[in-house]
2 protein chains.
Amino acid sequence: MRILVTGASGFVGCHVVTALLEKGHRVTAVARDPQRASQAPWHGRATFLAADIHAPGCAERLDASHFDAVVHLAWPGLPNYAALTHLDRTLPAECRFLGELVRAGVRQLLVSGTCFEYGLASGCLNESTPSQPVTAYGMAKNTLRGYLEILQKSHPFRLQWARLFYMHGRGQNPGSLLPQLDAALAGGQPVFNLSGGEQLRDYLPVEEVATRLVALLEHPGFDGIVNICSGKPISVRRLVEEHVAAVGGSIRFNFGHYPYPDYEPMAFWGDGTRFYHILNDSLRYSEHPLTGKPCL
Amino acid sequence: MRILVTGASGFVGCHVVTALLEKGHRVTAVARDPQRASQAPWHGRATFLAADIHAPGCAERLDASHFDAVVHLAWPGLPNYAALTHLDRTLPAECRFLGELVRAGVRQLLVSGTCFEYGLASGCLNESTPSQPVTAYGMAKNTLRGYLEILQKSHPFRLQWARLFYMHGRGQNPGSLLPQLDAALAGGQPVFNLSGGEQLRDYLPVEEVATRLVALLEHPGFDGIVNICSGKPISVRRLVEEHVAAVGGSIRFNFGHYPYPDYEPMAFWGDGTRFYHILNDSLRYSEHPLTGKPCL
């Protein structure tokens with residue numbers, strides 16, 4: 001398939017472009033910063049386009065109708081989930097950009113959603129759990145999804161909305177938990193401060209996230225929301241302890257140094273069942289109806 | 001109180017400005033169209049300012065910090081609830097305008113929300129019912145409320161979010177049900193086409209809506225969401241039959257000519273309890289803490 005990927009030099013984007021190339025797809029990678037893109041693992045293998053997708057008219061310049069699908073991962077301003085700019089700047093720019101793509105003829109759109117769409121709902125969250133976001137980021141993504149669902153009625157296209165849970169792996173923001181822990185281990189720090197650590201979360205390696213997004217994209221018919229998650233709750237305490245054991249390090253954890261975040265519940269994880277149903281379903285198809293290429 | 005009212009020449013705005021003037025408040029009425037404002041019932045009694053509130057910098061020009069409160073009723077593009085412009089144009093412009101008001105020092109903001117924030121929830125809806133809007137209009141209002149609630153954390157102000165249900169009365173859009181019925185009666189039409197008519201809705205006279213909004217505004221402490229509703233479900237069939245009886249007309253109803261709308265449930269009405277609690281509470285106060293004037 002000919003695939004356009006936005007946010008291609010970001011954490012998830014780098015892995016998705018790589019995974020797409022490994023499956024033989026022709027990828028055009030879009031990112032704002034050519035310098036950063038030149039350091040991406042896919043550099044030299046994917047076509048690179050430097051563009052600010054939020055600039056008016058960008059969708060037209062991308063000639064989006066020539067692609068079989070668009071994977072839209074770009075989203076500025078993270079990980080500050082509370083910033084109002086998610087709502088008053090990014091959201092309208094996203095509506096405009098994706099609206100232009102669809103009106104230009106894009107037939108399949110895979111967009112990264114977020115577990116923050118669920119808001120303060122606790123426990124095992126499936127795609128039918130009402131979305132009640134409380135963060136500006138979660139609200140913006142949730143409203144963008146609503147916008148696209150309404151747009152589908154007048155301009156039919158396939159919308160694959162992938163709700164990403166927590167991830168870890170190469171290329172992650174240095175301010176995230178595990179990169180900070182790695183830095184502390186590398187620096188020989190004796191103590192690592194963190195929250196109480198008892199909160200239950202859902203983590204996937206980013207490579208697995210990328211593999212799943214590619215599988216969704218290759219599915220010839222799936223349209224809708226799907227959790228991209230492990231389906232297995234794990235405490236932050238166990239996560240960091242297992243990480244230290246896996247890399248053979250040693251450090252003392254100072255649990256309770258930071259308060260628990262107020263923008264998410266103490267315990268939530270994703271129900272991953274729908275993804276597996278989609279995957280099983282797609283195995284019934286031998287080739288993609290548009291490209292004629294093998295699917296999975 | 002010195003009060004700024006946006007959307008002052010609209011259906012609800014005309015009645016709210018009139019009700020405020022009758023209570024002795026000093027009102028500055030804002031609307032885009034001077035011609036339309038010159039025909040408003042409050043013309044000559046309220047200070048009029050012609051302004052497009054969605055134009056950048058409008059909040060600054062309004063000198064909003066000089067008002068004790070802002071009643072924000074303006075919202076373009078109604079009654080087309082499905083238009084994507086609610087989300088990609090109006091919503092960001094609303095965020096900007098109201099954000100500017102608050103940053104300019106407005107301490108109290110009464111904003112019209114909508115029963116469409118509840119989406120397809122059936123039955124008696126109270127303010128704690130999860131908001132799951134399905135229309136572009138409902139999503140935009142719901143997201144604007146979330147935006148303002150987040151803004152309150154960094155810029156404390158009182159947010160009075162009044163969820164309006166169905167209304168009828170003088171100045172209503174001629175395309176609405178009862179004005180169309182009145183036109184048919186006045187034209188001597190023998191038959192009036194409408195939907196099945198069995199759907200249950202919640203209607204208030206617009207004068208009562210205005211009275212309630214003024215009571216909210218005068219309450220010295222209320223902050224939050226409140227339904228503005230009758231609390232009594234009534235079928236559209238009964239509504240139109242009672243209306244014809246009240247005006248002494250005669251017409252045959254052709255129920256079932258139009259389909260039921262797909263953007264709202266068959267039966268929903270508001271729980272009006274919270275408004276009455278607020279009203280009872282405010283009767284405990286003899287005067288407004290800011291103005292020193294009698295409250296109710």
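Visitor: Which residues of helix α6 of chain A are buried?
Guide: In this predicted model, helix α6 (residues 177–186) of chain A has these buried residues: Leu178(A), Pro179(A), Leu181(A), Ala184(A) and Leu185(A).

Visitor: Changing topic. Which residues touch the most other members of the largest nonpolar core?
Guide: Leu148(A) and Leu148(B) do, in a core of 118 residues. This core takes at least three residues from each of two domains of chain A: domain 1 (2–168 + 203–231 + 266–282) and domain 2 (177–200 + 233–254).

Visitor: What does Leu148(A) touch, leaving out residues up to four places away in sequence?
Guide: Leu98(A), Leu109(A), Val111(A), Phe157(A), Leu159(A) and Trp161(A). As a general point, nonpolar side chains in soluble globular proteins tend to be buried together.

Visitor: What about Ala140(A), buried or exposed?
Guide: Ala140(A) has a relative accessible area of 0%, so it counts as buried. Ala140(A) lies in helix α5 (residues 136–154) of chain A. Apart from neighbours within four places in sequence, Ala140(A) is in contact with Trp75(A), His86(A), Leu87(A) and Leu91(A).

Visitor: How far is Ala140(A) from Ala162(A)?
Guide: They are 15 Å apart in space, C-alpha to C-alpha, and 22 residues apart in sequence.

Visitor: Now the rings. How many aromatic pairs are there over all chains?
Guide: The count is 30. One of the pairs is Phe116(B) with Tyr137(B), which is edge-to-face, with 6.4 Å centre to centre and 65° between the planes. Phe116(B) is in the loop between β5 (108–114) and β6 (123–125) of chain B, while Tyr137(B) is in helix α5 (residues 136–154) of chain B, so the pair links distant parts of the chain, 21 residues apart.

Visitor: Are those two buried or exposed?
Guide: Phe116(B) is buried at 5% relative accessibility. Tyr137(B) is buried too, with a relative accessible area of 8%.

Visitor: Which residues form the aromatic cluster in chain A?
Guide: Trp75(A), Tyr81(A), Phe116(A), Tyr118(A), Tyr137(A), Phe165(A), Tyr166(A), Tyr203(A), Tyr263(A) and Phe268(A) form one cluster.

Visitor: What sits over the ring of Tyr118(A)?
Guide: The charged end of Arg163(A) does, 4.5 Å from the ring centre. In chain B, Arg163(B) lies over the face of Tyr118(B), at 4.5 Å from the ring centre.

Visitor: Where is Thr18(A)?
Guide: Thr18(A) is in helix α1 (residues 11–22) of chain A. At 16% relative accessibility, Thr18(A) is buried, because the cut-off for buried is under 20%. Setting aside residues up to four places away in sequence, Thr18(A) touches Pro41(A), Trp42(A) and Arg45(A).

Visitor: Back to chain B. What is Ala59(B) in contact with, leaving aside neighbours within four places in sequence?
Guide: Ala64(B), Phe97(B), Glu100(B) and Leu101(B). Ala59(B) is in helix α3 (residues 58–61) of chain B and is buried, with a relative accessible area of 1%. Ala59(B) and Arg96(B) are 37 residues apart in sequence and 9.0 Å apart in space, C-alpha to C-alpha.

Visitor: Last one. What does UniProt list for residues 3–228 of chain A?
Guide: The unreviewed UniProt entry lists "domain: NAD-dependent epimerase/dehydratase" there. Over residues 3–228 of chain A, the chain is 36% helix and 23% strand, with the end C-alpha atoms 20 Å apart.

Methods: Residues are numbered from 1 along each chain as its sequence is written. Chains are lettered from A and ligands numbered from 1 in the order in which they are written. This is a predicted model: local features need pLDDT of at least 70, side-chain atom pairs count only at pLDDT 80 or more; totals for chains, interfaces and linings use all residues. Side-chain values use heavy atoms; hydrogens and water are left out. A nonpolar core is a set of buried Ala, Val, Leu, Ile, Met, Phe, Trp, Tyr and Cys residues joined through side-chain atoms within 4.5 Å. Buried means under 20% relative accessible area, exposed over 50%, partly exposed in between (1.4 Å probe, protein chains only). Domain bounds come from an automatic or database domain assignment. Contact means heavy atoms within 4.5 Å. Rings of Phe, Tyr and Trp (its six-membered ring) pair if their centres lie within 6.5 Å; planes under 30 degrees apart count as stacked, over 60 as edge-to-face and the rest as tilted. Helices (H or I, at least four residues) and strands (E, at least two) are DSSP runs, numbered from the N terminus. A charge sits over a ring if NZ of Lys or CZ of Arg is within 6 Å of the ring centre and within 35 degrees of the ring normal. UniProt positions are given in the numbering used here, feature names are shortened, and annotations may be inferred rather than shown by experiment.
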